[in-house]
Amino acid sequence: MSEDDNMRAVPEWIGKNPDQQVPLRVRLRIFERNKGICYLSGVKIQPGDKWEVEHRVSLCNGGEHRESNMAPALVGPHKAKTRQDRAIKAKNDRVRKKHIGLRKPSSFACSRDSAWKRKINGQVEKR
């Protein structure tokens with residue numbers, strides 16, 4: 001009988017909402033499952049290093065707030081990935097809005113949304 005057979009099965013932790021804090025016991029399981037290696041940089045997390053639980057697929061891009069979607073990450077690489085995730089989300093939102101015809105009115109003079117129109121010869125006239 002192997003050592004894994006003696007371990008009790010623990011159900012996967014699933015957050016009730018995206019803002020729910022991950023319990024310490026779950027953070028420990030996530031850390032041990034990944035053998036203390038940063039998911040993003042591949043660096044071994046040493047005692048005293050600041051690390052966070054990171055969502056592999058970010059919540060804003062459709063990921064779930066559950067244990068199987070989390071991994072340990074050092075703070076620096078985690079911040080960089082979060083910036084990248086937010087940029088992807090913003091671009092997706094822009095594309096979707098453009099596709100359905102939503103756009104923010106321009107505030108520039110003589111723009112498409114302005115009451116004034118500039119002709120090719122440079123003259124400005126009321127629309």
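Trainee: Is Phe31 buried, partly exposed or exposed?

Mentor: Keep in mind that this is a predicted model. Phe31 counts as partly exposed, because its relative accessibility is 22% and buried means under 20%.

Trainee: And how does Trp51 count?

Mentor: Trp51 also comes out as partly exposed, because its relative accessibility is 21%.

Trainee: How many aromatic pairs does the structure hold?

Mentor: There is one aromatic pair. Phe31 and Trp51 form it, with 5.1 Å from centre to centre and 40° between the planes, and that makes it tilted. The pair links distant parts of the chain: Phe31 belongs to helix α2 (residues 24-33) and Trp51 to strand β1, 20 residues apart.

Trainee: Which charged end sits over the ring of Trp51?

Mentor: That's Arg27, whose charged end is 4.6 Å from the ring centre of Trp51. Look at Trp116 as well: the charged end of Lys126 sits over its ring, 5.1 Å from the centre.

Trainee: Let's move to α3. How many residues does helix α3 have, and how far does it reach?

Mentor: Helix α3 covers residues 75-100, which is 26 residues. From first C-alpha to last it reaches 38 Å, close to the 38 Å expected at 1.5 Å a residue. Just after α3, Gly101 takes a positive phi of about 90°.

Trainee: Which residues of α3 are buried?

Mentor: Start with the general idea: an α-helix has 3.6 residues a turn, so residues three or four places apart point the same way. In α3, the buried residues are His78, Lys81 and Asp85. They pack against β1 (51-55) and β2 (70-74).

Trainee: Why does His78 count as buried?

Mentor: His78 counts as buried because its relative accessible area is 14%, and the cut-off is under 20%.

Trainee: What does the side chain of His78 make a polar contact with?

Mentor: With the side chain of Glu52, at 2.3 Å. Setting aside neighbours within four places in sequence, His78 is in contact with Leu40, Glu52, Val53, Glu54 and Ala73.

Trainee: Where is Ser58, and is it buried or exposed?

Mentor: Ser58 lies in the loop between β1 and β2. It's buried, because its relative accessible area is 9%. The Ser58 side chain makes a polar contact with that of Asn61, at 3.1 Å.

Trainee: Which residues does Ser58 touch, not counting those up to four places away in sequence?

Mentor: Ser58 touches Gly63, Lys81 and Asp85.

Note on methods. Residues numbered from 1 in each chain as written. Predicted model: local features only at pLDDT ≥ 70, side-chain atom pairs only at ≥ 80, totals over all residues. Heavy atoms only, no water. Helix = DSSP H or I, 4+ residues; strand = E, 2+ residues; numbered from the N terminus. Expected span 1.5 Å × (residues − 1). Buried < 20%, exposed > 50% of the residue type's maximum accessible area, 1.4 Å probe, protein only. Contact = heavy atoms within 4.5 Å. Phe/Tyr/Trp six-rings, centres within 6.5 Å; stacked < 30°, edge-to-face > 60°. Lys NZ or Arg CZ within 6 Å of the ring centre and 35° of its normal. Polar contact = N/O pair within 3.5 Å; in protein donor to acceptor, adjacent residues only side chain to side chain.
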